[in-house]
Amino acid sequence: MIKSLNRLNHFTMRKNLLLTLMLLLNISIYAQNNSFIVNETFDGTSMPEGWYFIGEGVDNFSISTTNNAGGSANELLFKSSPIVTAGIHLVMATADLTDVEELGLSFKHYLNYDQLSHTLGIATSSDNGTTWNTAWSQTFSNASATGLHEVNETVSTPDMGKSNVLICLYYEGNTYNFNKWYFDNIIIYAKNSDAGNDIQLSSIDVDNVIAIGNTDISFTVNNIGSTEISAFEASYEIEGLGTVTETFNEKIVPAENKTLTFKSEAYLTPGTHTIKINILNVSGEEDSNLDNNSMSKDVRTYIREVERTPMIEHFSSATCINCIPVDTTLSGLTHDNEGRYTYVKYPWDYPMPGDKYYLEECSIRGQYYRVTGVPAISFDGGAITRQPKQSHFDDRYATTSYVDIVGAFNIEGNVVNITADIISYLDMPDVKVFVTVNEKTTVNNVVEGSLPEFHHVLMSIPSSTDGIDASFEAGKYQRYELSVDMTGTNVEEMNDLEVAVWVQTYESKEVHNSHFLNEYTSHPYPIQNLKVEEKTISWEKPEKSEPIGYNVYVDNKLVAEKITENSYTFTSSKDNVLVEVYAVYENGITSVGVCLVAGTGNTEDPEISIEELSSATNIYPNPVKDELTIATELRVEEIAIYDIYGRLCCRDASNASTSTMDTFNVSVQDLENGIYFINIKTDKGNVVRRFIKN
């Protein structure tokens with residue numbers, strides 16, 4: 001099937017230069033072995049470098065922190081808004097396919113479908129996008145298409161064998177007729193029929209953000225070779241935790257991919273960890289292409305989740321007739337969700353003469369969100385909508401947050417004094433803190449034919465329009481103190497003010513959490529010097545304030561409420577616990593929590609680390625002829641030997657002992673010559689070693 005696309009006027013010399021640069025970056029000698037053309041897991045916060053659109057689509061695609069497509073977060077999000085009917089071509093790569101006859105293609109996608117027909121496809125072009133040749137396509141024509149889909153194909157087009165080939169993801173249909181489409185783990189590679197053993201590590205399937213504690217280490221591999229894979233050996237390494245090596249007895253036919261999980265979990269503490277995975281051998285032999293056998297991924301661990309307060313940013317104008325029904329809808333929405341939202345309304349200077357409370361800061365925020373007219377609403381920094389719904393609010397309210405914001409403000413004359421404590425329960429570098437002073441209700445900007453009053457109207461942005469640069473470390477709070485003189489602003493009544501605070505990633509626009517500060521009161525200071533000794537928690541009273549008590553949480557459960565003592569003894573069978581203490585003040589006000597992860601003193605014989613487990617066990621000689629010696633400091637419960645195809649050759653529990661052993665011998669004289677794996681099960685975990693019988 002051949003699809004034509006007229007060359008667009010804006011496809012200029014600049015784009016041709018970009019294509020040339022991309023070509024130089026992507027050229028590989030594909031004939032030697034199977035090689036990546038596209039290998040994208042969308043772990044960043046912005047669209048992959050070098051990807052671009054021919055025609056429409058730039059405003060429909062973004063990176064989402066979700067994992068609906070079945071990979072690990074993040075993933076590519078294709079939104080229905082703005083409406084596109086002319087088709088979308090997202091160019092992912094430029095490649096030299098001179099010696100290539102076939103491409104391997106795999107990806108995962110999830111369609112949230114409404115109605116009518118849509119076609120999704122992969123296409124190639126050797127004339128810079130004038131003609132597109134379909135490599136793969138699928139039409140989704142009814143509501144049953146909603147859900148998860150996976151594509152694994154070998155494809156070919158008339159562009160095979162040519163030197164300057166664009167590869168795109170395309171869409172045909174009316175985007176109005178679906179909701180959202182998610183994509184992950186997009187892999188395209190040049191196939192070689194003589195590639196032999198070639199396993200490709202395509203993704204590390206651990207979410208970018210995970211809870212502290214024991215974590216499954218999962219990954220996806222593709223067989224991009226020409227022979228069936230019977231088994232392979234892989235390892236993962238995490239700094240400070242050592243290396244785990246395991247054998248995966250999996251049959252994987254050419255063009256097939258599989259997602260697998262190491263048996264040994266990793267215990268991850270708060271912070272950022274780099275996970276490195278390596279494929280060590282394939283079917284007992286060295287892989288024919290080692291360039292695609294290794295991958296690293298940074299993972300952030302969170303201490304706990306926080307209830308989200310959605311941030312509503314509303315661009316409107318008193319002179320805008322079309323804004324009236326939207327204002328009315330939002331008034332009803334906030335009424336129905338009292339106490340669960342944060343809100344700021346930016347007065348707009350259009351239609352003429354514009355809202356008299358318009359500020360230059362409103363225009364700057366509008367440019368940030370690419371607002372071209374009012375009404376315009378964003379929930380938590382998401383796509384602009386002109387039809388706010390309860391579902392928009394519910395989606396954000398249900399989204400996990402890891403940031404807590406607590407603070408207060410008071411007024412001295414015309415000066416508003418603001419103090420806020422912000423704590424993130426995971427590492428959060430390169431974010432912005434925004435602060436606005438709003439008036440709850442205004443009437444002096446009312447014009448004939450408009451609503452009788454307006455709410456949450458911006459009066460000042462003391463944090464600066466571009467926000468305050470911030471970087472949070474998991475579990476540690478930061479304090480922000482600002483003062484703003486409201487003289488000369490549009491404030492109607494100084495006793496009718498509110499202060500909104502939110503944390504936002506500037507590039508992606510995602511708001512991580514928000515809050516209105518406590519009004520007209522002193523700042524609720526948190527406790528100091530939190531400690532845990534075995535099962536006793538202790539702390540010192542807050543700086544500069546006297547709370548009425550303290551709330552104590554252990555592993556996110558309230559174990560003591562409004563106690564007046566500065567210590568608490570708890571019970572737990574766990575080796576490590578999360579402890580958090582809040583100072584409680586009058587009128588139900590609490591401080592930000594102070595937390596730490598601490599040992600309980602339960603473990604008399606602490607768990608051995610992965611690195612210690614590995615070093616505590618050894619085998620020799622290797623290669624071996626008749627008898628293999630195992631030397632270990634641990635109690636061995638069982639040994640098992642497998643061949644390279646994953647078949648069990650022998651299992652022996654006779655050496656199991658209630659005490660540690662120095663050495664013992666295992667007979668291998670009945671084994672045929674070749675490569676084998678021995679799994680040594682100990683009381684502290686499993687150790688896998690490879691050996692050669694000759």
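Analyst: S317 is buried, because its relative accessible area is 3%; buried means under 20% relative accessible area, exposed over 50%, and partly exposed in between, with a 1.4 Å probe and protein chains only. This is a predicted model, in which local features need pLDDT of at least 70 and side-chain atom pairs count only at pLDDT 80 or more, while totals for chains, interfaces and linings use all residues. Residues are numbered from 1 along each chain as its sequence is written, and side-chain values use heavy atoms, with hydrogens and water left out.

S317 is placed in the loop between β23 (311–316) and α2 (323–336). Such labels follow DSSP runs, numbered from the N terminus: helices are H or I runs of at least four residues, and strands are E runs of at least two. Leaving aside neighbours within four places in sequence, the residues in contact with S317 are C323, W348, Y350, P351, G354, D355 and V374, where contact means heavy atoms within 4.5 Å. Two of these residues also meet the side chain of S317 through backbone atoms. A polar atom of that side chain lies 3.5 Å from the backbone oxygen of W348, and a polar atom of the side chain lies 3.4 Å from the backbone nitrogen of D355. A polar contact is a pair of N or O atoms within 3.5 Å; within protein, one must be able to donate a hydrogen and the other to accept it, and residues adjacent in sequence count only if both atoms are side-chain atoms.

The disulfide is right-handed, because the torsion about the S-S bond of C320 and C323 is about 85°. Both C320 and C323 are buried. By this rule the count comes to one disulfide.

C649 counts as partly exposed because its relative accessibility is 32%. C650 also counts as partly exposed, at 26% relative accessibility.

After α3 comes R370, which has a positive phi near 60°.

Elsewhere in the chain, several strands can be described through their pairing. Two strands pair if DSSP finds at least two bridges between them. Strand β37 (residues 549–554) is mostly covered, with five of its six residues buried. β37 pairs with strand β40 (residues 576–584) in the antiparallel sense over six bridges, and G549 stands opposite V584 in β40. β37 also runs antiparallel to strand β38 (residues 557–563), joined by four bridges; there Y553 stands opposite L558. The hairpin of β37 and β38 has two residues between the strands, and D555 takes a positive phi near 50° in it.

An open sheet of five strands has the order β14-β22-β21-β17-β18, with mixed pairing. Its edge strands are β14 (209–211) and β18 (242–248), each of which pairs on one side only. Neighbouring strands of this sheet are turned by 30° against each other on average, direction ignored; axes are lines fitted to C-alpha atoms, for helices over the stretch in contact, and angles run from 0 to 180 degrees between N-to-C directions. Within the sheet, strands β21 (residues 271–282) and β22 (residues 294–302) run antiparallel and are joined by eight bridges, with I275 opposite K297 in β22.

Three strands make up a further open sheet, in the order β42-β43-β46 and with antiparallel pairing. At its edges are β42 (617–620) and β46 (663–667), each pairing on one side only. The twist there averages 25° from one strand to the next. Four bridges link β42 with strand β43 (residues 627–632) in the antiparallel sense, and I619 has I630 in β43 as its bridge partner.

Conventions. A disulfide is a pair of cysteine sulfur atoms within 2.5 Å.
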